[in-house]
Amino acid sequence: VHISDKTVDTSFKLLSHSEELFEDEIEQINDLSNLDFVIMTGDLADKPQKKLLSRACDIMNKVKYPWYFTFGNHDAAVGSSFKKNEYFKYILNHNKSMRKIAPENFYYSFVPKKGYRMIALDATIDTKITGNGIISKEQLDWLDNELKEATIHNELPIMFLHHPVREPMSSYHHRLINAKEVYEVLNRHDIPMAIFSGHYHTTKIIKENNILH
């Protein structure tokens with residue numbers, strides 16, 4: 001989405017039209033029927049600024065379905081006055097769906113209906129300027145347990161994060177730098193699973209054994 005207050009476009013992003021495009025997107029979503037929820041896989045705002053996030057949430061709250069959020073690299077940055085925890089707190093305060101599940105961390109899970117487990121992950125790095133991502137050891141242990149729970153309860157785990165585990169194309173400056181460790185966790189669980197991500201501004205579907213990227 002990259003909500004921005006810039007008045008000039010680049011060759012890669014229509015930043016001056018970000019609100020207009022986002023409003024249109026929400027209208028199209030609202031024309032769809034029987035959705036369980038909508039989820040943002042990061043970069044809701046082009047910069048971690050309260051004024052941009054405020055506008056983004058105002059537009060996002062026009063969607064008629066519950067909506068959820070995962071962090072993108074543009075939502076968290078080193079040196080920002082609007083820190084990552086403040087950014088997340090603002091979303092919780094302006095999103096009743098998120099408040100209802102009351103996540104204690106930047107990563108969380110919820111069950112929207114029987115047979116499905118949604119797992120929202122956070123791969124953003126806010127200690128240096130980078131487009132790369134990493135999943136912490138603590139989060140990997142938590143993910144392993146979530147997949148165990150999904151197996152026990154016969155649930156399909158669907159994961160959401162900004163940085164793709166399987167790159168749609170190679171990018172040294174945008175990759176998940178510990179994807180190998182993430183795969184080690186995923187490969188312990190021989191069940192169908194899906195991973196939805198953003199970051200690369202492209203559309204691609206890759207089937208990899210029991211995992212759909």
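## R166 and its partner

In this predicted model, R166 is partly exposed, with a relative accessible area of 34%, and its side chain forms a salt bridge with E208, the closest N and O atoms being 3.0 Å apart. Because R166 lies in the loop between β5 and α6 (179-186) and E208 in strand β7 (residues 207-208), the pair ties together parts that are 42 residues apart in sequence. E208 itself is buried, with a relative accessible area of 19%.

## Other salt bridges

The count of salt bridges comes to 13. One of them joins the side chains of D5 and K51, at 2.9 Å from N to O, and links the segment before α1, where D5 lies, to helix α2, which holds K51, 46 residues apart. Another pairs D46 with K13, the closest N and O atoms being 3.9 Å apart; here D46 is buried at 8% relative accessible area, whereas K13, at 22%, counts as partly exposed.

D43, in the loop between β1 (38-40) and α2 (50-60), is buried yet has no salt bridge, and the nearest side chain of opposite charge, K13, is 6.3 Å away. A polar atom of the D43 side chain does, however, lie 3.3 Å from the backbone nitrogen of N73.

## Nonpolar cores

The largest nonpolar core has 37 residues, and among those touching the most other members are L44, L53, W67 and F69. Helix α2 gives this core its largest share, 6 residues. A second, separate core of 22 residues includes W142, V185, L186 and M193.

Notes: Residues numbered from 1 in each chain as written. Predicted model: local features only at pLDDT ≥ 70, side-chain atom pairs only at ≥ 80, totals over all residues. Heavy atoms only, no water. Helix = DSSP H or I, 4+ residues; strand = E, 2+ residues; numbered from the N terminus. Buried < 20%, exposed > 50% of the residue type's maximum accessible area, 1.4 Å probe, protein only. Lys, Arg positive; Asp, Glu negative; His and termini not counted. Salt bridge = Lys/Arg side-chain N within 4 Å of Asp/Glu carboxyl O. Polar contact = N/O pair within 3.5 Å; in protein donor to acceptor, adjacent residues only side chain to side chain. Core = buried A, V, L, I, M, F, W, Y, C linked by side-chain atoms within 4.5 Å.
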